[in-house]
Amino acid sequence: MKTKFGMVALLALGALAAGAAEWTVSDVRARQRRPWDGTVDIDFHARGAGCCTFGLVVSNGNEAVSVSAASLVGGEAVALGEGYVRLTWDPTVDHPGEAFPKARYYPVAKPCDAPPYLVVDLETGAKTFRGLDFANEVNADAYKLHKLALRYVPATTSDTWKAMSGGDDFFYMGLEDGFTSTDNGTGVEAPSRSKPRHPVRLTRGYYLGVFEVTQQQWRDLWGSWKGWYTQPDDRPTRPIESVGMTEVRGSNGAGFNWPDDGHAVHGNTFLGCLRYRTGLAFDLPTEAQWEFACRAGTTGIRYASDAKAIGRYWNNWSNMGYTTEQLTNEAYRAEIRAAGGATAKVGSYAPNAWGFYDMLGNVQEFCLDASMVSDASVKYASGLQTDPTGPSYSDPWRIVRGGCWWEYAKRSTAVYRELDGWKARVTTGLRVCLDAGEVVK
């Protein structure tokens, strides 16, 4: 028997961003799906400025009915501007065997700067937006293989960040003076190039990969396997490594002439292939974008006190004393891997507060900012910097950040900067970035 549910109105407004415009909901219609398995589609017209996610409140007569995140099929709905939106609820998840003959459905609006998550299908190029509840799902293998998941990071000039920071429109980047390098424990390496600590203002929101790019994601676009880690049963979900800037962005001309040539890349590179497949101008993050996302509102050298809980680094797998020469020698490869010496599957360690995994350890990550041959040439300027891009330098050498599985934890910090990042190394990979203006008009 078909059960028809009447129209309902918006019950309440939530807010993720201070000062966000009010959203209105109308023409709410609920229908059970064929063949009447209990799953309910709630369609409604949403209208407002910018972006909004929608959760769901359900009542049965005068009684509230609990709605868990797991019971929303496909998660919270996301709306950009005006249009029809659908929420799908499966009551059997929380209430097996129960009936709700007087059910009424109330979409709950939560305005936001941009959709919290962006998911890109690497096989078709299709993109979908997901709400905050996607954090409960994102660490599944699906988003480490043929789909790319990205998390939105607000500009420091946004109301969202100001509400987090107590009104500041900047964050502090770099290492405070007074820090000195420690031993090979879980302290900090403190070269002069990581100083001084200084305020940075970011004026544009952006999306950043939840995970480091994996070997399977690289293969989907590049067409062949790449990487030092070659164990067939789990290499697809290990981070890509052993790739250089020539393959990531380009070897000459526009591919390495940042910031003078802006975000131009060569077409026959990983980023060129990703752009062709998706129609979106993906790139690497700047150092400032990388560190802001890594810190996730924290101010210490790491976003968590327990270094072992958040990343793969040397003492987190073994300390057998292999040399760099042995690391690159085929004869030692199986022995090192048998000792646990290799990258970890992405998402194996705890994320930071904004949901990014492996920002510290695993593989160090390419940034756009150019590196030079000395600390003095890349040392931060003091005072407030707005959207810093690093020095103008026509060369593929780039800063890499985050430390890696082959180095001590003292380099797996939010502040350590490695200079020699352009060659294909077993310790270096990447995480992709996208200006939010590419998808939120």
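In which strand is Asp27 found? Asp27 belongs to strand E2, which covers residues 24-32, and it is one of the residues described below for this predicted model. The chain holds 9 helices and 20 strands, and buried residues account for 54% of its 441 residues.

**The chain as a whole**
- Of the contacts between residues at least 6 apart in sequence, 72% join residues that are at least 24 apart.
- The accessible surface of the chain is about 17,900 Å², and 49% of that surface belongs to carbon and sulfur atoms.

**An open sheet and a helix across it**
- An open sheet with mixed pairing is formed by 3 strands in the order E12-E13-E16, and its edge strands, each pairing on one side only, are E12 (171-173) and E16 (385-386).
- Strand E13 (residues 198-201) runs parallel to E16 and is joined to it by 2 bridges, with Thr386 in E16 as the bridge partner of Arg201.
- Helix H5 (residues 287-295) lies across E12 and E13, and it runs at about 110 degrees to E12.

**Backbone features**
- Most peptide bonds are trans, and most residues other than glycine have a negative phi.
- The peptide bond joining Lys195 and Pro196 is cis, with omega about 0 degrees, and Pro196 lies in the loop between E12 and E13.
- Another cis peptide bond runs from Trp258 to Pro259, with omega near 5 degrees, and Pro259 is placed in the loop between helix H3 (245-248) and helix H4 (270-278).
- Asp27, although not a glycine, has a positive phi of about 55 degrees, and Asp27 is partly exposed, with a relative accessible area of 26%.
- Asn362, also not a glycine, has a positive phi of about 70 degrees; Asn362 sits in the loop between helix H8 (330-338) and strand E15 (364-370), and counts as buried at 0% relative accessibility.

Terms used
Residues numbered from 1 in each chain as written. Predicted model: local features only at pLDDT ≥ 70, side-chain atom pairs only at ≥ 80, totals over all residues. Heavy atoms only, no water. Pairing = 2+ DSSP bridges. Helix = DSSP H or I, 4+ residues; strand = E, 2+ residues; numbered from the N terminus. Contact = heavy atoms within 4.5 Å. Axes fitted to C-alpha atoms, helices over the stretch in contact; angles between N-to-C directions. Buried < 20%, exposed > 50% of the residue type's maximum accessible area, 1.4 Å probe, protein only. Areas by Shrake-Rupley, 256 points an atom, 1.4 Å probe, with all protein chains shown as cover.
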